Amino acid sequence: MRTRAPLPAAPPLPKRRMRTRAPLPAARSRSRSLPAGPARGVRGPLRLSLLARSRASSRSPWGGRSRARQRRPTWRREAAPAARPGAPACSLAALRPPPPPASSRQADGPADERGRGDQLARAQRFLFSGEPGPGAPGPVLEVRVPQILHLQYGLYVWPCAVVLAQYLWFHRRSLSGKAVLEIGAGVSLPGILAAKCGAEVILSDNRELPHCLEVCRQSCHMNNLSQVHVMGLTWGHISQDLLALPPQDIILASDVFYEPEDFEDILTTVYFLMQKNPKVQLWSTYQVRSADWSLEALLYKWDMKCVHIPLESFDADKEEIAGSTLPGRHTVEMLVISYTKDSI
């Protein structure tokens with residue numbers, strides 16, 4: 001039996017190179033990002049941006065969540081995006097309803113519209129009346145102040161201003177001839193009332209906010225008070241105007257204890273004025289916003305004392321004051337701060 005010779009081994013096959021494909025590009029998202037634009041439901045180029053409030057903002061010592069390091073979102077007006085060719089023009093002025101004709105406005109109404117540039121101002125009227133005497137109506141004092149639709153919160157009336165004005169009205173007989181300085185005045189309702197009661201008034205607001213100083217001047221113009229002086233005064237800063245100020249009898253401050261980081265700047269400015277006249281008093285109202293804020297340590301540091309004035313003692317414990325419902329149900333406190341060494 002024959003046996004076949006074994007077949008020769010097959011030569012090894014050549015190794016094949018593994019071809020690697022280049023990575024595919026990342027898949028594109030089907031949703032395209034829209035260009036930044038105004039938020040839905042907001043007319044015009046207003047956007048919500050987390051901005052630190054200016055230290056020049058004025059406004060509660062004993063109440064309010066601690067905002068020394070926290071910031072509130074504020075509205076910022078930015079430039080509107082460029083309109084596309086052929087698109088209809090749209091602006092805030094176009095969206096605003098036209099003002100009523102002059103014949104339809106009532107001169108003695110509670111408020112009237114006044115145009116000022118691109119801002120819409122309202123002249124709000126407050127009527128302060130005293131207790132009627134036997135057989136005669138009580139005295140009535142009318143004060144008009146502008147309120148401007150603006151993002152800066154020093155351009156309209158706050159509840160604390162109405163309460164402080166009521167306190168001044170209650171003590172109107174003691175204001176004649178007194179030197180009165182209002183700090184953080186804004187629309188200046190308390191200061192204007194003091195001037196109408198015979199006080200020598202100076203209105204002041206942050207030097208870095210010229211629009212607030214302009215509103216102070218508008219308030220004087222609306223009430224025919226050409227003798228009232230308006231000056232720029234930044235809390236905590238020593239300026240030539242502050243050095244030139246004569247001794248004051250009363251300092252008015254409506255809701256200036258608003259930002260905790262401003263508390264000591266306010267008190268240092270008041271302390272400087274107390275050196276000129278140790279008998280000067282700070283009459284201040286503030287709105288309770290939290291139980292975390294306190295002035296006690298700062299008052300002790302700057303040799304000051306504080307007295308709380310009950311609202312019912314000057315007929316301010318109600319939701320409507322001077323024909324305005326602005327006080328509402330807000331918790332407002334009245335303080336009288338004075339120099340401790342004055343009582344020694």
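These are my notes on a predicted model of one protein chain.

**Entry 1: the chain overall.** I began with the secondary structure and found 7 helices and 12 strands in the chain. I then looked up burial: the chain has 344 residues, and 43% of them count as buried. For the accessible surface I noted a total of about 21100 Å². Carbon and sulfur atoms account for 54% of that surface.

**Entry 2: cysteines.** I checked for disulfides and found 0 in the structure. Is cysteine 197 buried or exposed? Its relative accessible area is 16%, and the cut-off for buried is under 20%, so cysteine 197 counts as buried. Cysteine 306 has a relative accessible area of 26%. Buried means under 20% and exposed means over 50%, so cysteine 306 is placed in between, as partly exposed.

**Entry 3: the second largest pocket.** I turned to the second largest pocket and wrote down a volume of about 290 Å³. Its lining is made up of 17 residues, and I noted those closest to the pocket centre: Ser129, Gly130, Gln166, Trp169 and Asp315. Which elements each supply at least two residues of this lining? I found strand β4, spanning 119-129, and helix α2, spanning 159-170. Last, I sorted the lining of the second largest pocket by residue type: 8 residues are nonpolar, 3 are polar and 6 are charged.

Notes:
Residues are numbered from 1 along each chain as its sequence is written. This is a predicted model: local features need pLDDT of at least 70, side-chain atom pairs count only at pLDDT 80 or more; totals for chains, interfaces and linings use all residues. Side-chain values use heavy atoms; hydrogens and water are left out. On a 1 Å grid over the protein atoms alone, a cavity is a set of points where a 1.4 Å probe fits but cannot get out, and a pocket is an open set with protein on both sides within 12 Å along at least five of seven lines; lining residues have an atom within 4 Å of a point. Grid points are joined across faces, edges and corners, and a volume is the space filled by probe spheres set on the points. Helices (H or I, at least four residues) and strands (E, at least two) are DSSP runs, numbered from the N terminus. Ala, Val, Leu, Ile, Met, Phe, Trp, Tyr, Cys and Pro count as nonpolar, Asp, Glu, Lys and Arg as charged, and the others, Gly among them, as polar. Buried means under 20% relative accessible area, exposed over 50%, partly exposed in between (1.4 Å probe, protein chains only). Accessible areas come from the Shrake-Rupley method with a 1.4 Å probe; for residues, only the protein chains shown count as cover. A disulfide is a pair of cysteine sulfur atoms within 2.5 Å.
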